[in-house]
Amino acid sequence: MSDQTPQQPDVPNAANPDFDSMTRDIAEVPAVEVITTVAVHLMSSAAVNLGLAEEGAAHKDLDEARKLIQALAGLVTASATEIGSYHAAPLRDGLKSLQLAFREASVVPDEPGQGPGEKFTGPVYG
């Protein structure tokens, strides 16, 4: 009989995940992928804060939505020429939809040209 504790095999578990195999080097990620991923996250968060998700009223926060839409508009406008129209067009469409949803959700809608992100995109009309 031995007084030594048996050694456990080196098996990754939830407490010790193998991050090297789970992530890829950021240098390998194309800029267009980073930009579109960030834009999609901003869109999703804005939609939730506009109350467009399940149980929407519980998460509705127009002040937060305004900030997210403003950031999204800046990102999309600034990066559009770099990522090309193939990637920029759907982002612009999503942005416009969020801007219109914001106007609709507001008790007192902003004037055209004064809504979130409109200083970057110009006035948005339904």
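# Exercises on a predicted model

The side chains of glutamate 64 and lysine 67 form a salt bridge, with 3.4 Å from N to O. The model is predicted: local features need pLDDT of at least 70, side-chain atom pairs count only at pLDDT 80 or more, and totals for chains, interfaces and linings use all residues. Residues are numbered from 1 along each chain as its sequence is written, and side-chain values use heavy atoms, with hydrogens and water left out.

## Exercise 1

**Solution.** 
- Step 1. A salt bridge is a side-chain nitrogen of Lys or Arg within 4 Å of a carboxyl oxygen of Asp or Glu.
- Step 2. Helices are DSSP runs (H or I, at least four residues), numbered from the N terminus.
- Step 3. Buried means under 20% relative accessible area, exposed over 50%, and partly exposed in between (1.4 Å probe, protein chains only).

## Exercise 2

Find which parts of the chain the salt bridge of arginine 66 and aspartate 110 ties together.

**Solution.** 
- Step 1. The side chains of arginine 66 and aspartate 110 meet at 2.8 Å, N to O.
- Step 2. Arginine 66 lies in helix 4 and aspartate 110 in the loop between helix 4 and helix 5 (118–121), so the pair ties together parts that are 44 residues apart in sequence.
- Step 3. Arginine 66 is partly exposed, because its relative accessibility is 29%.

## Exercise 3

Describe the surroundings of leucine 50.

**Solution.** 
- Step 1. Leucine 50 sits in the loop between helix 2 and helix 3 (56–59).
- Step 2. Its relative accessibility is 5%, so leucine 50 counts as buried.
- Step 3. Contact means heavy atoms within 4.5 Å. Leaving aside neighbours within four places in sequence, the contacts of leucine 50 include Lys60, Ile69, Leu98 and Phe102.
- Step 4. The C-alpha atoms of leucine 50 and phenylalanine 102 are 6.5 Å apart, although 52 residues separate the two along the chain.
- Step 5. A nonpolar core is a set of buried Ala, Val, Leu, Ile, Met, Phe, Trp, Tyr and Cys residues joined through side-chain atoms within 4.5 Å. The largest such core has 21 residues, and Leu50 is among those that touch the most other members. Helix 4 (62–105) gives the largest share of this core, 14 residues.

Notes
Helix = DSSP H or I, 4+ residues; strand = E, 2+ residues; numbered from the N terminus.
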